[in-house]
Amino acid sequence: MSFIRYELVLRKQMVEDWKRHVLFTLVMMLIFFMTFWSVNWIVGMMPETESAMSGSDIDVKSLISVIYKFAIFIGVTSIAVAYQSAHSMPFMRSKGLQTQHAVLPASNVEKYGVVLTVSLVISVLESVVALLIADLFQYLMTGLSFFSQFSSVDFELLLKTVPDVALVRQIVTLLICVSVMSIFLSSGWFTLSATVFRKHPFLMGVLIYWGISQLLNIALFSYSQYLMNFITMVSAHFQGITDVEALHELRNASIVLFVAMAVLTLVFWFWGYKRMSKSEL
């Protein structure tokens with residue numbers, strides 16, 4: 001693999017699609033701004049909890065706001081990766097474009113590396129840039145920002161309020177890993193969709209993805225109960241309520257989910273590479 005050839009193909013694709021990338025970054029910035037504004041307003045309207053009124057050092061409202069905003073960031077980034085992945089292979093739209101792409105002086109590995117870079121790296125960077133700009137506007141207008149709220153939450157103190165600190169650390173780490181893996185899974189599936197559907201790959205990919213997810217939700221309904229138990233535990237542990245058995249079940253379910261998502265991601269990426277290579281024969 002030649003990095004120079006990879007860089008040239010990447011530069012070519014970015015120059016040809018720069019307007020779409022800029023526009024999509026602006027759209028994400030607007031989404032972050034509006035959703036974060038809504039979260040700040042909703043959390044600000046919440047009544048004080050008993051633990052907060054009794055003098056607890058834990059900033060409950062900042063904690064809730066950080067959790068919501070982190071979930072929004074993961075969700076928007078997954079959508080960004082999905083959209084950019086579905087449009088990461090414009091050369092698959094017609095035989096003529098496939099021929100033009102086939103004659104580029106680069107190997108299939110280098111070309112597919114460009115596809116993954118655009119679908120995964122570039123889209124995540126665009127999401128981060130959109131988050132930073134939106135958060136800056138939030139701070140200038142309201143004095144609140146995601147990063148300031150994140151820094152105000154004492155997570156070590158929060159962990160000390162639960163009986164099994166090691167178990168909670170494992171679960172939080174697993175949930176973050178599962179969240180990040182959802183971004184990779186979006187990249188894998190929609191990259192494959194770009195090779196399967198010549199027209200509207202994002203829309204078709206979303207429809208199929210939604211249908212499969214509904215079937216999985218039915219099959220894994222019991223695991224969703226453990227997730228709800230965990231959320232309930234987080235909101236109720238200030239009164240000393242903690243379901244340790246539910247935490248053990250959630251940890252096991254998170255491990256299974258993470259492994260399944262990782263395997264599916266690799267399968268989708270490999271399948272997409274084989275389809276792209278076959279189109280150039």
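Is Phe-202 buried, partly exposed or exposed? I looked it up: Phe-202 counts as partly exposed, because its relative accessibility is 23%. For my own reference, buried means under 20% relative accessible area, exposed over 50%, and partly exposed in between, with a 1.4 Å probe and protein chains only.

**Ground rules**

I'm working with a predicted model, where local features need pLDDT of at least 70, side-chain atom pairs count only at pLDDT 80 or more, and totals for chains, interfaces and linings use all residues. Residues are numbered from 1 along each chain as its sequence is written, and side-chain values use heavy atoms, with hydrogens and water left out.

**Overall layout**

I found 12 helices and 0 strands in the chain. Helices (H or I, at least four residues) and strands (E, at least two) are DSSP runs, numbered from the N terminus. Of the 281 residues in the chain, 41% are buried. Next I looked at contacts, meaning heavy atoms within 4.5 Å. Among those between residues at least 6 apart in sequence, 81% join residues at least 24 apart.

**Helix 2 and helix 6**

I checked the span of helix 2 (18-45). Its 28 residues should span 40 Å at 1.5 Å a residue, and the end C-alpha atoms are 41 Å apart, so the two agree. The expected span is 1.5 Å times one less than the number of residues.

Helix 6 covers residues 108-142 and reaches 49 Å from its first C-alpha to its last, close to the expected 51 Å. Still, I noted a kink of about 35° centred on Thr-117. The bend at a residue is the angle between axes fitted to the seven residues ending there and the seven starting there. Just after helix 6, Gly-143 takes a positive phi of about 80°.

Back in helix 2, I picked out Thr-25. Thr-25 counts as buried because its relative accessible area is 15%. Not counting residues up to four places away in sequence, Thr-25 touches Glu-126, Val-129 and Ala-130. Thr-25 and Ala-130 are 105 residues apart along the chain, yet 5.8 Å separates their C-alpha atoms.

**The cores**

How many residues does the largest nonpolar core have? I got 28, and among those with the most contacts inside this core are Met-28, Phe-32, Ile-72 and Tyr-112. Helix 2, helix 4 (60-86), helix 6, helix 9 (165-196) and helix 12 (244-279) each supply at least two residues of this core. Apart from this core lies another, of 10 residues, including Val-178 and Phe-190. A nonpolar core is a set of buried Ala, Val, Leu, Ile, Met, Phe, Trp, Tyr and Cys residues joined through side-chain atoms within 4.5 Å.

I also followed Ile-72: leaving aside neighbours within four places in sequence, Ile-72 is in contact with Phe-32, Thr-35, Phe-36 and Val-39.

**Ring pairs**

Rings of Phe, Tyr and Trp (its six-membered ring) pair if their centres lie within 6.5 Å; planes under 30 degrees apart count as stacked, over 60 as edge-to-face and the rest as tilted. By this rule I have 11 aromatic pairs. Phe-190 and Phe-202 form a tilted one, 5.6 Å centre to centre with 35° between the planes. Phe-190 is in helix 9 and Phe-202 in helix 10 (residues 201-219). Phe-190 counts as buried, because its relative accessibility is 4%. Ring pairs also link Phe-24, Tyr-83, Phe-190, Phe-202 and Tyr-209 into a cluster.

Thr-191 lies in helix 9 and counts as buried at 0% relative accessibility. Leaving aside neighbours within four places in sequence, its contacts include Ser-85, Met-89 and Trp-269. Ala-194, also in helix 9, is buried too, at 4%.

My last stop was His-200, in the loop between helix 9 and helix 10. His-200 has a positive phi of about 55° although it is not a glycine. Is His-200 buried or exposed? His-200 counts as exposed, because its relative accessibility is 56%.
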